[in-house]
Amino acid sequence: MISFVHRFHGHSSLRYVYKNGQAVRSRLMTIKAIDNPHRKIARIAVVVSKKVIKSAVSRNRIRRRIYEYVRLQLPELREAQDIAIIVSSSEVLTMPYDELSECLKQLFIQAKLYKSSHS
RNA sequence: ACAGUUUGUCAGGUGAUCGCUUAUGUUUACAUAAGAGGAAAGUCCGGGCAGUGUAGGGCAAUGACAGUCGCUAACGGCGACCGGGGGCGACCCUAGGGAAAGUGCCACAGAAACGAAACUACCUUGAAAAAGGCAAAGAUGAAACGAGUGAGGUAAGAGCUCACAGCAUUCCACGGUGACGUGGCGUGAAGGUAAACCCUGUCAGCUGCAAGGAGAUUUGCAUUAAGGGCGGCCCGUCCGCAGAUCGAUACCCGCUUGAUCAAGUAGGCAACUACUUGACUAGAUAGAUGAUCACCCACGACAGAACCCGGCUUACCGAUGAACUGUCACU
RNA sequence: GCGCGAGUGGCGGAAUGGUAGACGCGCUAGCUUCAGGUGCUAGUGUCCUUCGGGACGUGGAAGUUCGAGUCUUCUCUCGCGUA
């Protein structure tokens, strides 16, 4: 799980990202991101709908796998931005970790989430 | 040995590295401790707690429940027993009050579907048509007038009469707290359906932690009796009413010590209760238990707390303990 | 989290406990037309069949009843309201 300071707080701020964020899609998930100049630290949320998979245990597991990858990449990411990762496929639960990390990496580059020096 | 019945417990473990939440201590980043379930689930019942009007009395309506005796904070739950059904048996299942309070329904078929009547038949009268008697036999149907067999009886028949058997039941005796059981003298003939309406008895005010903890200022209307309130009416009780603006909004509190858990003793067939000692055992708030690697084995099922408890129901890879039953073989 | 509702042919949607599928849309075949559309008529759940018929069918599993789409219980799926 990600640290408290990197989480979203309250529904409204997340809804702002949903509405105005730049979307990048793949078969498995959608990433919406937007710069937030009011903040100094990036905020990240992983969303798994009940329609993707019904079991609460499985949904928690998907979130934890993605949060784990994000946690490791966190120092490389730009600050002052809000990111929402919306999972749209139940394959994320069963696919191997290497495949998942590769998929996420591609999406992160597409969405320009990394620091400019790094990209 | 094989087949089976009931029931209890567990729900991968250990180590390393990097992380998350809470608490405490130093201090601004570390250290220590703790960190999902038997069903956390379904939300099907019952409570606590909070608000609503001190929720208090009566009536009506609505809903739920239904053998007896107990247990419980309470229950539609649990235990023991009674009646009924199933199984060779261990044991299992059982919405199990009332159909002589009333109403409704019983399709099709059938002469007739609950009122008793009479299509074929049988008997008597009659030339016949028909009239009268009778309800044993017949086909239909889930169910046929609701007491079977034999004898008597008769024009033909019929509980019409008798004997035996069955069912129900007033009363009496005995046993049991009781449901009820056993026996005896009598009496009787009631179709089914109440998970149809209903009757009888018992219980329930309503809303739910998104409850609630907070309201203040001002404008308009009303001026002590009209009106109003978290379902209806009456009593009782309480209160001025409506709009606008501001305040708060990851707030914080409620939020986890509780009908709590563990062990022992005593009572009880049991559910459970009493006492003593010990323990503190998640509290997040877009929501905390994860990732990677190594080893072991039985190769890991169903599944994630969201105010908290007691049940019920449903899901579940397996591992293992206990008690008991039947059949076969041997001693 | 809390509180509610629904499930019937391919689709929408009827059916008082008594032959399941009224009615509309769609689909198929025929007629009409030079052709298409329109219009009219007939048919249209699944399986088995000795072609007479039989069995299974209202999300699923039990129960009550002579008989359940309907009544009762459990369960699955879908949807709605509530900040």
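Helices (H or I, at least four residues) and strands (E, at least two) are DSSP runs, numbered from the N terminus. This is a predicted model, in which local features need pLDDT of at least 70, side-chain atom pairs count only at pLDDT 80 or more, and totals for chains, interfaces and linings use all residues. Residues are numbered from 1 along each chain as its sequence is written, and side-chain values use heavy atoms, with hydrogens and water left out.

A salt bridge here is a side-chain nitrogen of Lys or Arg within 4 Å of a carboxyl oxygen of Asp or Glu. The count comes to three salt bridges.

| Salt bridge | Closest N to O distance |
|---|---|
| Arginine 43 and aspartate 82 | 3.1 Å |
| Glutamate 68 and arginine 71 | 2.7 Å |

Arginine 43 lies in strand β3 (residues 43-48) and aspartate 82 in strand β4, so the pair ties together parts 39 residues apart in sequence. Buried means under 20% relative accessible area, exposed over 50%, and partly exposed in between (1.4 Å probe, protein chains only). Arginine 43 is buried at 6%. Aspartate 82 is buried at 2%. Strand β4 spans residues 81-87. Contact means heavy atoms within 4.5 Å. Beyond its neighbours within four places in sequence, aspartate 82 contacts several residues, including Phe8, Val17 and Lys32.

Glutamate 68 and arginine 71 sit three residues apart in helix α2, separated by about one helical turn. Glutamate 68 is partly exposed at 30%. Arginine 71 is partly exposed at 39%.

Arginine 78 and aspartate 35 also meet in a salt bridge (3.5 Å, N to O). This pair links distant parts of the chain, 43 residues apart.

Terms used. Chains lettered and ligands numbered in written order.
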